[in-house]
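Please read them with the structure open.

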Amino acid sequence: MSILNSGAYYYIIFYTSFNNRLSDDTTRFFLYDYIDFRSKSLGCNIIKIGGDEESVHFAISIPPTISLNDVICILKSSSQNYIHKNFKNYNFFWKSDFFYKTFSEENLSDIIRLIDNNTIPNDLTFSVKKS
């Protein structure tokens with residue numbers, strides 16, 4: 001049986017705005033957990049999540065019942081609100097742009113390696129969209 005359920009698979013990167021950094025590992029891990037929790041409430045599946053002080057990288061399976069745009073808007077707004085509510089020492093905002101790339105299940109191990117290494121290889125085409 002497949003790890004992934006039916007739907008589309010995306011590699012997504014959110015970037016922090018205004019040079020705000022997620023410099024505290026604890027805050028970053030709570031943010032990852034929140035994004036995973038919120039994704040599940042939308043019927044999505046976070047396959048892998050990681051990042052650094054300035055970005056969050058994740059692979060996600062999105063069912064055909066919800067659009068990529070809706071998922072992005074909900075995850076960005078709710079996670080930003082989560083940080084504001086629970087970590088008051090952070091003046092945290094996401095940039096309006098984000099990166100995404102579709103992938104197939106055959107490429108899952110490569111995508112997981114990208115997230116683990118927090119890198120984007122030169123052979124990927126960037127697709128930056130406004131949320």
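A crossing of two helices is called left-handed if the near helix is turned anticlockwise from the far one by less than a right angle, and right-handed if clockwise. Helices (H or I, at least four residues) and strands (E, at least two) are DSSP runs, numbered from the N terminus.

1. Basis of the note. This is a predicted model, in which local features need pLDDT of at least 70 and side-chain atom pairs count only at pLDDT 80 or more, while totals for chains, interfaces and linings use all residues. Residues are numbered from 1 along each chain as its sequence is written, and side-chain values use heavy atoms, with hydrogens and water left out.

2. Overall make-up. The protein has 3 helices and 5 strands, and from the N terminus on these elements follow the order β-α-β-β-α-β-α-β. Of its 131 residues, 43% are buried, where buried means under 20% relative accessible area, exposed means over 50%, and partly exposed lies in between (1.4 Å probe, protein chains only). Taking contact to mean heavy atoms within 4.5 Å, 73% of the contacts between residues at least 6 apart in sequence join residues at least 24 apart.

3. Packing of α1 on α2. Two packed helices are described by the angle between their axes and the distance between the axes. Here α1 (residues 25–41) and α2 (residues 68–86) pack at an angle of about 140°, with their axes 10 Å apart; axes are lines fitted to C-alpha atoms, for helices over the stretch in contact, and angles run from 0 to 180 degrees between N-to-C directions. The pair therefore counts as oblique, since angles under 35 degrees are roughly parallel, those over 145 roughly antiparallel, those from 65 to 115 roughly perpendicular, and the rest oblique. The crossing of α1 past α2 is right-handed.

4. Residues in that contact. From α1 come Thr27, Phe30, Leu31, Tyr34, Ile35, Arg38 and Ser39, and from α2 come Ile74, Leu75, Ser78, Ser79, Tyr82 and Ile83. They divide into 8 nonpolar, 4 polar and 1 charged, with Ala, Val, Leu, Ile, Met, Phe, Trp, Tyr, Cys and Pro counted as nonpolar, Asp, Glu, Lys and Arg as charged, and the others, Gly among them, as polar.

5. Tyr34. This residue of helix α1 is buried, with a relative accessible area of 16%. Leaving out residues up to four places away in sequence, Tyr34 touches Ser78, Ser79 and Tyr82, and its C-alpha atom is separated by 9.4 Å from that of Ile83, 49 residues apart along the chain.

6. Arg28. Apart from neighbours within four places in sequence, Arg28 is in contact with Leu22, Ser23, Asp52 and Glu53.

7. Ser77 lies in helix α2 and is partly exposed at 39% relative accessible area; its C-alpha atom and that of Trp94, 17 residues apart along the chain, are separated by 8.4 Å. Asp116 belongs to helix α3 (residues 108–117) and is partly exposed at 48%, and the C-alpha atoms of Asp116 and Gly50, 66 residues apart along the chain, are separated by 6.7 Å.

8. Cysteines. The structure holds 0 disulfides, a disulfide being a pair of cysteine sulfur atoms within 2.5 Å. Cys44 is buried at 5% relative accessibility, whereas Cys73 is partly exposed, with a relative accessible area of 32%.
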